[in-house]
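Work through the exercises below with the sequence and the 3D structure at hand. Each task is followed by a worked solution.

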Amino acid sequence: MRIEHWLHTIPLRLRSHFRRRHVEHELDEELQYHLEQKTEQYVARGMTPQDARLAALRDMDGLEQHKEACRDTRRVNFVDDLLKDVRFGLRQLQRSPGFTIIAVLTLALGIGANTAIFSMDKSILLSSMPYPQPHQLYVVREDYHQGRQVYPGNVDNGGNFLTWRRECHSFEGIAALEPESDNLELGQSAVQIHGTRASANLFAILGIRPQLGRTFTEEEDQLGRNREVVVTDALWRARFNGDPKIVGKTIRLNAYDFTVVGVLPPSFYFPRIDQLDPTPIAGWTFHIDYFVPLALLPYESKPSIGNMMNFTVIARLKSGVTKQQALADLDAVEADISRHDPNAQGAFLTGNLVPLKMAVVGDASRTLWILMAGAGLVMLIVCVNLASLLVARSMGRSREIAVRAALGASRWRLLRQMLIEGLLLVAAGGLLGVMLAFDGLRILVEGAPAKIPRLESIQIDGWVLLFSFVVSFAAGLLFSILPGLRLSRTEAGEALKSSAATTTGNRSTARLRDVLAGAEVALCAVLLIGALLVAKSLSRVLGENRWLEDQHVLAVDLIAFSNNYGTQPKLRQLSETLLGRIRSLPGVRDAGFTNALPLTGEMWTDSFDFDEARLPDQQQPNANVRFFSPGYFQAIGLPLVEGRFPSDSDKDQAEVVLSEGFARKALPGRDPIGLHLRWNEPAFNKLLHCTVTGVVSDARAEADENPPLTVYFPYWLWNPNQISIVIRTANDPRSMAEEVRTTVRDIDPLIPIPREQTMQDLVSEAVAARRFVVTLGVLFAGFATFLAALGLYGVIALSVAQRTHEIGIRMSLGARRWDVLKMVVARGLKLSLAGLAVGVACAIPLTRLITSLLYGIKPTDPATFALVGVLLAAVAALASYIPARRATRVDPMVALRYE
Amino acid sequence: MSKPTDLVQGTLDLLLLKILALEALNGFAISQRMKQVSGGVLQVSDGSLYPALHKLEQEGWIKAEWRPSENNRRAKFYSLTRLGRRQLEREAADWSRLSSAISHVVKLEEV
């Protein structure tokens, strides 16, 4: 019904507008026809043609009024007036280009920032995962309970996973995966690629079909049959030139032959490794390139609690099953597993279901919302600033408004004029802002730390544009309605009576401007405090890791094939050859290797005790396991605390180095040197007894977390096949990189070098997320400070202009320049202090919300608050000094004549 | 908009719709027909007829079309739209409800 109505009326309205002359002509013609007919009728009754025509006109009683009434029915007047208002508004804005430029630019920056940040938030946090029924997908984790202690959200045990698969009925499907990095051989060279072992049903759970071939079958997901690989579209295109006959061909991964059975479609999305694992290895920010069958090894298939927790499990709930039901189901099985584990000793497991999207987005969501809030505050300041500028302008326009009101303009019409001018400004600002946002977003995404998930999906789409539109419109209303209301209430008589020079002196308007300027300072204080807190946190985190940075050190990662170097003797041979060659390069002071550099996460944890201090299994302290070669600690600069480091001459001795923290925790009050560490690692199939020879300083695994307890074993006990060679150089470490690469290639060209980095690179990657937030925070706060300064300057400058007369009188009565200066600056300071007080009061509860972003500093750090106070006072003094100086130049004679 | 004083508010729309429901007519013919069918009782001034017609057109109840009249001059002919037909039914129903209620009241007073 409504639609049908518009079908009729819209063409009519458009016609009335765009073919106005035609429509007018038709009206004339229609009425003319009537008159002629009527005239003929009268003539037929015997009147003379002239009399007949007059009589016909008389019957019409007022042709022109009726025409106007007909025009009214077309409702063109409303739009006409609107267009007039728009044209008038444009002229007004043209007349004050300075104001217009500032308004449009600040709006553009505010809207641009909001658009860019919102498009990040929307793509990362609000869009659902690109799988069918994504809300039914969960990541299954295990919570480990021991006494009162809970260690939540661990990755899972393989045997437990098999038990869930058998016994839980809430899942439509449940799949396990364990990421790995491998060498892909390409003729005479090799590259490192990243993939994952995965259950055959993973693809069914995610609802993904391959574009070529098939995925693996359940039979292939068995030990001894697991030589199939499914590759992603990206790998297929990058490494196999999109070969359409790839299915059935053999590729060499880690020097084993794998048959390609399928290629996934280009639209397939899979979270990165670090996003599925709650405690990922830092730096493992890789995309998955391929999938191989999971094929659990026997020792991985044994249900257990607190052991061999290596697998990420993804489950799809049956439709209609709630998370609570699934969790209850899972917990029943977990309780059963805990009961049957002979080593449990009172510890037990419970299940933990995390929605897949939450697992992927994780910690980033809080940061992203905080950034959005920051951008929102900036927008608010932009609006307040514009409102204040518009109020100032409106003072100058009160005569114009009064004249219009006296001539019969309604209050609504006057208000509408103000609103239209505001909307014109936001239209220009919004358009420019969205254009800025496209560029800004590109810079944001490039500068964003790799840790932030789903960066590749970020884009400005219809929803984002709608958001920008709504924000712009709301901003326009917000900043023009206040001055508009004030103006439209202007008393025409009053304004017209008073002379031009004094109409600006409206008391309540001045008070409104003061309030607005104060509000800007308050908002700005909140932003500044927040930005300063995160910046200080960053500098503290950097301080904690300074020892690492201040070095001429290069780290080169490399991987040895598990087939060509499949045995420990072969691996050791390789390591020793490599190390020997690198040590003999000119400019190398020290060189050694490890399996995991500092700041690259907790790689491998296990529990330990000592022959001299036996503990039951569950009470043994957990520690990170690291392997090292002689020369490693010297090269990276970790100082020895006690004892000695095993050297090349100690080869094959069962020795071990403890971190200071571990020694203190595991052996309180005892001298660890000479004690014997026991290590029962299932992968080794034997119990190791190692003599403690030394204690080394703690090193962090995460830039902003306390160092983990760590145990360092020499490489001759177990030689990892992925190592980082650490080289301390005499000169610029970067210049060594090429020589090291040549050396490695010389030994075996098939060994890939995925990464070379200096310690500065290492630290800066570890703090990238913090730095990102700080950069944006400082940008926001800087812009806010600029706006607040502008607002204060505006208020003070105007009040000086208003008081020229008064200042003239004061000076002629003997006031000195210094007194005038003091008077004006004091007013600015008073305003900013009031704003500051409000801002600080708001900041105290608000900064608590960003606690998660802080390090080593309280959200109510008094020094930070004080610094912001001083900073804003200085800005206020500066902003009011400029107009104050102008005031002191007032010539009393001129000022008094100035009426 | 000027309205004939001797017509109950809103009834002009009803009359116009009803007349146009019978056949498409131009403005002059409508004024003639109005007099004719009401036996001269209902008189609408020529002037106020046109704003009323234009309003109905803008509402989408009637549509206009230029074609030759009986004396072969170009004239604007109005005819009912589907929406207009529905509106007519609604207004006619309202009218009969109203008029029967009023005549009922009037009769009550006579008793």
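Predicted model: local features only at pLDDT ≥ 70, side-chain atom pairs only at ≥ 80, totals over all residues.

Residues are numbered from 1 along each chain as its sequence is written, chains are lettered from A and ligands numbered from 1 in the order in which they are written, and side-chain values use heavy atoms, with hydrogens and water left out.

**Exercise 1.** Describe the contact of chain B and chain A.

*Solution.* 
Step 1: Count the residues. Chain B gives 32 residues and chain A gives 29 residues, contact meaning heavy atoms within 4.5 Å.
Step 2: Take the area. The two chains bury about 2800 Å² between them, with 53% of it on carbon and sulfur atoms; buried area is the accessible area (1.4 Å probe) lost on putting two parts together, summed over both.
Step 3: Look for polar contacts. Twelve residue pairs (both at pLDDT 80 or more) are in polar contact across the interface.

- A polar contact is a pair of N or O atoms within 3.5 Å; within protein, one must be able to donate a hydrogen and the other to accept it, and residues adjacent in sequence count only if both atoms are side-chain atoms.

Step 4: Helix H2 (27-37), helix H3 (46-59), strand E3 (74-80) and helix H4 (82-110) of chain B each give two or more residues to it. H3(B) has the largest share, ten residues.

- Helices (H or I, at least four residues) and strands (E, at least two) are DSSP runs, numbered from the N terminus.

**Exercise 2.** Which residue of chain A forms a salt bridge with Arg73(B)?

*Solution.* 
Step 1: Apply the rule: a side-chain nitrogen of Lys or Arg within 4 Å of a carboxyl oxygen of Asp or Glu. The count over all chains is 50 salt bridges.
Step 2: Locate the pair. Arg73(B) lies in the loop between strand E2 (62-68) and E3 of chain B, and Glu36(A) in helix H2 (residues 20-44) of chain A.
Step 3: Read the distance. The closest N and O atoms of Arg73(B) and Glu36(A) are 2.1 Å apart.

**Exercise 3.** How much space lies in the largest cavity, and what lines it?

*Solution.* 
Step 1: Search the whole structure. Five cavities of 30 Å³ or more are found.

- On a 1 Å grid over the protein atoms alone, a cavity is a set of points where a 1.4 Å probe fits but cannot get out; lining residues have an atom within 4 Å of a point.

Step 2: The largest cavity holds about 70 Å³.
Step 3: Its lining includes Leu390(A), Met418(A) and Pro483(A), and H13(A) supplies the largest share, three residues.

Terms used
1 Å grid on protein atoms, 1.4 Å probe; cavity = no way out; pocket = protein on both sides within 12 Å on 5 of 7 lines; lining within 4 Å. Points joined across faces, edges and corners; volume = space filled by probe spheres on them.
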